[in-house]
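User: I have a model open and would like to go through it slowly, one spot at a time. Could you show it first?

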Amino acid sequence: MSVAIHQPCPDCGSSDALQVNKNSTYCHSCGKYTKTEGGYQPVEIPENHDPTPKPSFNAVENLLTTGKYQSIVSRGITTATAKLYGILETPDKTYFSYHNPDDALVPSAAKIRLPDKKHSIVGDWKTAGLFGQHLFPAGCQKTITITEGEFDAAASYQMQGSKYPVVSVRNGASGALKDCKAAYEYLDSFDAIVISMDNDEPGQKAAREIAELFGGKSAVMRNPADYKDACDFLAANDTKAYKETFWAAEKFVPDGIINGASLWEEVNKPVEKSAVMYPWESLNKLTYGIREAELVTITAGSGLGKSQFVREIVWHILKESEDNIGLLFLEENARKTALSLMSLAANKPLHLPDVESTEEERWEAFESTMGTQRLFMFDHFGSTSIDNIIARCRYMAKALDTKFLFLDHVSIVVSAQSNGDERKALDEICTKLRMLVQETGITLFMVSHLKRPDGKGHEEGAASSLSQLRGSASIAQLSDMVIGLERNGQAEDPIERNTTSVRVLKNRFCGTTGPAGGLLFDQKTGRMHEVKEEGL
């Protein structure tokens with residue numbers, strides 16, 4: 001039941017497309033559905049308000065593809081620039097052409113701006129990229145410029161000699177970060193990103209947010225007081241000042257240098273609890289749970305249940321938090337990952353061919369895992385280079401807002417490198433992952449193999465140690481937490497054969513290490529349950 005209709009949409013900027021329901025909103029323009037639990041306050045619309053009917057997209061598309069483009073004299077934009085970007089001005093409206101980045105020939109949507117600056121959207125807004133994105137292939141130049149509005153993009157392009165890529169966010173300063181996240185891979189394909197937002201508080205806030213998204217490759221323009229945006233430079237015919245401001249753009253440097261004397265208020269606060277706990281009490285006693293901005297390495301010999309251990313943690317985080325989770329399980333495809341996680345929700349190994357289940361059981365398990373829209377998987381198709389893995393991790397952390405990432409396992413990334421130097425490759429990827437954790441504040445779980453010990457192997461229950469981490473000391477040095485798993489997979493006794501001993505090998509948070517309980521694998525349910533081991 002709707003509470004209000006013809007409301008302005010905060011996401012796409014439409015003046016009248018939002019429908020407000022009791023506990024949700026839905027935009028008929030951009031198609032976004034948002035749960036609100038009654039928190040959205042409708043804008044009061046006068047009783048005699050008669051929203052201006054929108055033209056059909058077919059009519060607008062025809063106008064944009066066959067219309068007569070002219071210079072926009074008030075803004076100094078030439079006919080050639082207006083035609084290139086698809087900015088068509090009529091006596092009572094201005095039309096901006098938006099394209100699906102994969103189809104640059106015809107527009108897929110359009111923004112219609114009225115003289116009072118209100119606007120409406122027609123067409124398929126969900127598939128539309130950044131304004132102007134279709135004009136410049138990914139990585140086609142070293143640098144790309146991002147502006148706050150469509151006119152600004154055209155003005156900046158023109159003042160840069162009509163040679164270099166310039167795009168605009170779709171929804172102004174308030175939606176800038178969201179738009180850039182949606183176009184993350186495209187923007188990240190350029191070596192440098194110059195951010196040219198409006199010289200006001202919302203614009204500069206958006207500029208900082210975008211700069212943080214792309215880190216060291218970002219540079220923020222600081223306009224002189226007389227010029228709010230790129231259009232002001234062009235309208236004043238001051239291309240020289242714009243170029244000077246462009247080249248003087250400040251390379252983004254993250255905040256972080258502080259005077260220790262200013263920390264009293266911070267250190268006097270109660271110590272925050274962990275973001276979420278582990279599923280098992282004994283492990284929590286030693287680790288105090290899972291914290292933000294930590295690199296956790298999980299290690300064991302081959303075939304000793306590392307992946308199952310990881311899945312139990314994923315399922316627990318999914319239940320105990322509201323955060324997004326990124327999964328890079330490199331030894332299995334997305335279907336296997338999905339079925340394995342659904343098995344935990346169903347308490348039944350749905351991924352095995354001899355296990356019977358109803359469609360209702362499978363659907364309920366799907367809804368509580370994949371259906372939450374909080375799990376993002378990397379379907380790698382064999383592409384496991386170090387740079388590609390780091391790029392996927394950064395994309396999940398930055399653009400998809402994942403707070404927990406799982407990489408299973410780092411050894412397969414290293415084995416895929418062409419140079420054959422395992423130690424060097426491990427040093428490289430571990431260093432880059434550590435830097436990513438610090439940059440983004442995510443918690444990264446990284447699975448690594450152990451070297452085979454002398455004498456009894458890990459598959460026969462040999463104890464794990466930091467010195468046995470395979471290939472490089474960098475894993476032990478750079479990890480905040482290292483958890484080893486041990487199991488005698490050849491034991492005659494089925495209980496011993498299916499019981500994994502957990503050992504904390506490194507604990508930077510509090511220093512406590514040692515045995516952390518046992519986990520018995522139940523073959524009937526496919527779950528790992530905590531058991532009390534002798535001597536613990």
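**A walk through the model**

User: Where is Asn347 found?
Analyst: Asn347 is found in the loop between α12 (334-346) and α13 (359-367). Helices (H or I, at least four residues) and strands (E, at least two) are DSSP runs, numbered from the N terminus. Before we go on, please keep in mind that this is a predicted model, in which local features need pLDDT of at least 70 and side-chain atom pairs count only at pLDDT 80 or more, while totals for chains, interfaces and linings use all residues. Residues are numbered from 1 along each chain as its sequence is written, and side-chain values use heavy atoms, with hydrogens and water left out.

User: OK, and what is the phi of Asn347?
Analyst: Phi of Asn347 is near 55°, which is a positive value in a residue other than glycine. Asn347 counts as partly exposed, because its relative accessibility is 39% (buried means under 20% relative accessible area, exposed over 50%, and partly exposed in between, with a 1.4 Å probe and protein chains only).

User: Which loop holds Asp401, then?
Analyst: Asp401 sits in the loop between α14 and β17 (402-408). Phi of Asp401 is near 55°, again a positive value in a residue other than glycine, and Asp401 counts as partly exposed because its relative accessibility is 35%.

User: Let's switch to the sheet with β5 in it. What is the order of its strands?
Analyst: The order is β5-β6-β7-β8, in an open sheet of 4 strands with antiparallel pairing, where two strands pair if DSSP finds at least two bridges between them. The edge strands are β5 (87-89) and β8 (119-123), each of which pairs on one side only. On average, neighbouring strands of this sheet are turned by 20° against each other, direction ignored; axes are lines fitted to C-alpha atoms, for helices over the stretch in contact, and angles run from 0 to 180 degrees between N-to-C directions.

User: How many bridges are there between β5 and β6?
Analyst: Strand β6 (residues 94-98) pairs with β5 over 3 bridges, in the antiparallel sense. You can look at Ile87, for example, whose bridge partner in β6 is Phe96.

User: And which strands does helix α1 lie across?
Analyst: Helix α1 (residues 57-66) lies across β5, β6, β7 (109-113) and β8, and runs at about 85° to β7. Helix α3 (residues 150-159) lies across β5, β6 and β7, with an angle of about 75° to β6.

User: Moving on to the core: which residues have the most contacts inside the largest one?
Analyst: Tyr85 and Leu187 have the most contacts inside the largest nonpolar core, which has 57 residues. Such a core is a set of buried Ala, Val, Leu, Ile, Met, Phe, Trp, Tyr and Cys residues joined through side-chain atoms within 4.5 Å. A second, separate core of 37 residues includes Val276, Trp280, Phe329 and Leu519. In soluble globular proteins, nonpolar side chains tend to be buried together.

User: What does Tyr85 touch?
Analyst: Leaving out residues up to four places away in sequence, Tyr85 touches several residues, including Phe131, Leu135, Phe136, Tyr157 and Val166, where contact means heavy atoms within 4.5 Å.

User: New topic. How many salt bridges does the count come to?
Analyst: The count comes to 22 salt bridges, each being a side-chain nitrogen of Lys or Arg within 4 Å of a carboxyl oxygen of Asp or Glu. One of these joins Glu294 and Arg291, with the closest N and O atoms 2.8 Å apart, and Glu294 and Arg291 are both buried.

User: Why does the pair of Glu439 and Arg394 tie together parts of the chain that are apart in sequence?
Analyst: The side chains of Glu439 and Arg394 meet in a salt bridge of 2.8 Å, N to O. Glu439 lies in helix α16 (residues 422-440) and Arg394 in helix α14 (residues 386-398), so the pair ties together parts that are 45 residues apart in sequence. Glu439 is partly exposed, with a relative accessible area of 36%, and Arg394 is partly exposed as well, at 23%.

User: Which residue forms a salt bridge with Glu428?
Analyst: Lys432 does, and the closest N and O atoms are 2.9 Å apart. Glu428 and Lys432 both lie in helix α16, 4 residues apart, which is about one turn of the helix.
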